[in-house]
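Please look at the structure first and then go through the topics below.

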Number of protein chains: 2
Amino acid sequence: MTYAKTAAFTEEQQHLSRVAKALAHPARVAIIQLLASKQTCISGDIAAELPLSRTTVSQHLQELKALDLIRGEIDGLTVCYCLNTELLQRVHQQFTAFFLEATSGAACGPDDACAC
Amino acid sequence: MTYAKTAAFTEEQQHLSRVAKALAHPARVAIIQLLASKQTCISGDIAAELPLSRTTVSQHLQELKALDLIRGEIDGLTVCYCLNTELLQRVHQQFTAFFLEATSGAACGPDDACAC
DNA sequence: ATGCAATGTCGTATATTTGCGACATACTTC
DNA sequence: GAAGTATGTCGCAAATATACGACATTGCAT
């Protein structure tokens with residue numbers, strides 16, 4: 001395995017990067033925004049709204065579902081996807097903590113010159 | 001090009017996913033946290049702190065630098081990296097806007113059942 | 001100038017992601 | 001039950017990402 005030496009990193013770092021990877025594709029960002037905008041949790045309409053094939057969209061949906069960021073509920077023939085707002089809020093807090101940590105410390109000088 | 005049909009998405013979605021991709025690896029998250037914790041913008045010490053080869057760390061640094069999230073300043077023989085806190089703050093705002101949008105709308109029901 | 005140390009780049013091997021057509025499944029309707 | 005529709009899974013091809021050793025470059029010290 002010459003790939004993904006993730007085990008050597010903090011659990012926090014791994015989790016943050018896992019969520020970041022879920023958002024690392026515009027299609028998945030678009031899916032979340034779509035679910036946020038439409039009250040009704042759409043199903044295959046998502047595929048119709050995106051410039052990708054239905055198969056590909058389904059895969060992106062599965063990726064988001066694997067992280068539990070979205071949830072799918074079978075309603076007869078169609079599947080209803082919705083956001084897991086509770087988890088999204090927790091993720092938001094983690095990202096905020098990360099960014100606050102990153103922006104609070106002394107960094108570059110006034111004209112972006114390192115202070116070392 | 002059977003990959004990255006990013007051009008079909010919003011500029012906002014593309015940018016968010018680009019930054020997310022930069023954070024989609026624990027090593028890069030660790031690098032940012034390291035730069036945040038150490039006052040002095042370290043150089044190759046970063047490689048010593050991570051469980052990766054110096055070459056690999058250098059590549060991760062270049063990726064972060066390509067997005068201007070970090071900056072490197074040559075100081076004689078060593079290179080000083082530091083966080084671009086200004087940009088990080090802007091990115092933080094964008095992520096916050098995204099998460100607020102995602103968590104505000106009506107989503108799953110009380111027991112995480114879709115409301116459709 | 002010579003030697004050494006710190007960095008980055010290049011080439012390469014492997015793993016993963018992305019995208020999509022073909023197929024299987026499940027459910028609704030007639 | 002037959003036909004049609006909505007979804008997901010599987011398998012494949014191409015593009016990317018990850019990891020690292022070998023090499024080139026640059027600057028410091030002797």
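Buried residues make up 37% of the 116 residues in chain A, where a residue is buried if 20 or more other C-beta atoms lie within 10 Å of its own, exposed if 12 or fewer, and partly exposed in between, with C-beta atoms placed from the backbone. This is a predicted model, in which local features need pLDDT of at least 70 and side-chain atom pairs count only at pLDDT 80 or more, while totals for chains, interfaces and linings use all residues. Residues are numbered from 1 along each chain as its sequence is written, and chains are lettered from A and ligands numbered from 1 in the order in which they are written.

**Fold of chain A**

- Chain A holds five helices and two strands, and these are DSSP runs numbered from the N terminus, with helices (H or I) of at least four residues and strands (E) of at least two.
- Along the sequence, the elements of chain A follow the pattern α-α-α-α-β-β-α.
- The UniProt annotation "domain: HTH arsR-type", from an unreviewed entry, covers residues 8-103 of chain A; UniProt positions are given in the numbering used here, feature names are shortened, and annotations may be inferred rather than shown by experiment.
- Over residues 8-103, chain A is 64% helix and 12% strand, and the end C-alpha atoms of that stretch are 25 Å apart.
- Among contacts in chain A between residues at least 6 apart in sequence, 47% join residues at least 24 apart, a contact being a pair of residues whose C-beta atoms, placed from the backbone, lie within 7 Å.

- Strand S1 (residues 70-75) and strand S2 (residues 78-83) of chain A run antiparallel and are joined by six bridges, where two strands pair if DSSP finds at least two bridges between them.
- Asp75(A) stands opposite Thr78(A), which belongs to S2(A), and in this hairpin, with two residues between the strands, Gly76(A) takes a positive phi near 70°.
- Asp68(A) lies in the loop between helix H4 (54-66) and S1 of chain A, and Asp68(A) has a positive phi of about 70° although it is not a glycine.
- Asp68(A) counts as exposed because it has 12 C-beta neighbours inside 10 Å.
- In chain B, Asp68(B) is likewise found in the loop between helix H4 (54-66) and S1, with a positive phi of about 70° although it is not a glycine.

**How the two chains meet**

- The contact between the chains takes 50 residues from chain B and 50 residues from chain A.
- On the side of chain B that touches chain A, the elements giving two or more residues are helix H1 (11-22), helix H2 (26-37), strand S1 (70-75), strand S2 (78-83) and helix H5 (85-104) of chain B.
- H5(B) supplies the largest share of that side of chain B, namely 10 residues.
- By class, the side of chain B that touches chain A has 27 nonpolar, 16 polar and seven charged residues, counting Ala, Val, Leu, Ile, Met, Phe, Trp, Tyr, Cys and Pro as nonpolar, Asp, Glu, Lys and Arg as charged, and the others, Gly among them, as polar.
- The copies meet through the same surface, because 100% of the interface residues of chain B are also interface residues in chain A.

**Symmetry**

- Chain B superposes on chain A by a rotation of 180° with 0.0 Å of shift along its axis (RMSD 0.0 Å), and the two copies are thus related as by a two-fold rotation axis.
- The superposition is by least squares on the C-alpha atoms of residues with pLDDT of at least 70 in both copies.
- Of the residues of chain B, Ala20(B) comes closest to the rotation axis, with its C-alpha at 2.4 Å.

**Nonpolar core**

- In the largest nonpolar core, which has 64 residues, Leu35(A) and Leu35(B) touch the most other members; such a core is a set of buried Ala, Val, Leu, Ile, Met, Phe, Trp, Tyr and Cys residues joined through C-beta atoms within 7 Å.
- Leaving aside its neighbours within four places in sequence, Leu35(B) is in contact with Cys41(B), Ile70(B), Tyr81(B), Cys82(B) and Leu83(B).

**Two glutamates in helices**

- Glu63(A) is found in helix H4 of chain A and counts as partly exposed, because it has 17 C-beta neighbours inside 10 Å.
- Leaving aside its neighbours within four places in sequence, Glu63(A) is in contact with Ala22(A) and Arg28(A).
- Glu12(B) lies in helix H1 of chain B and, with 15 C-beta neighbours inside 10 Å, counts as partly exposed.
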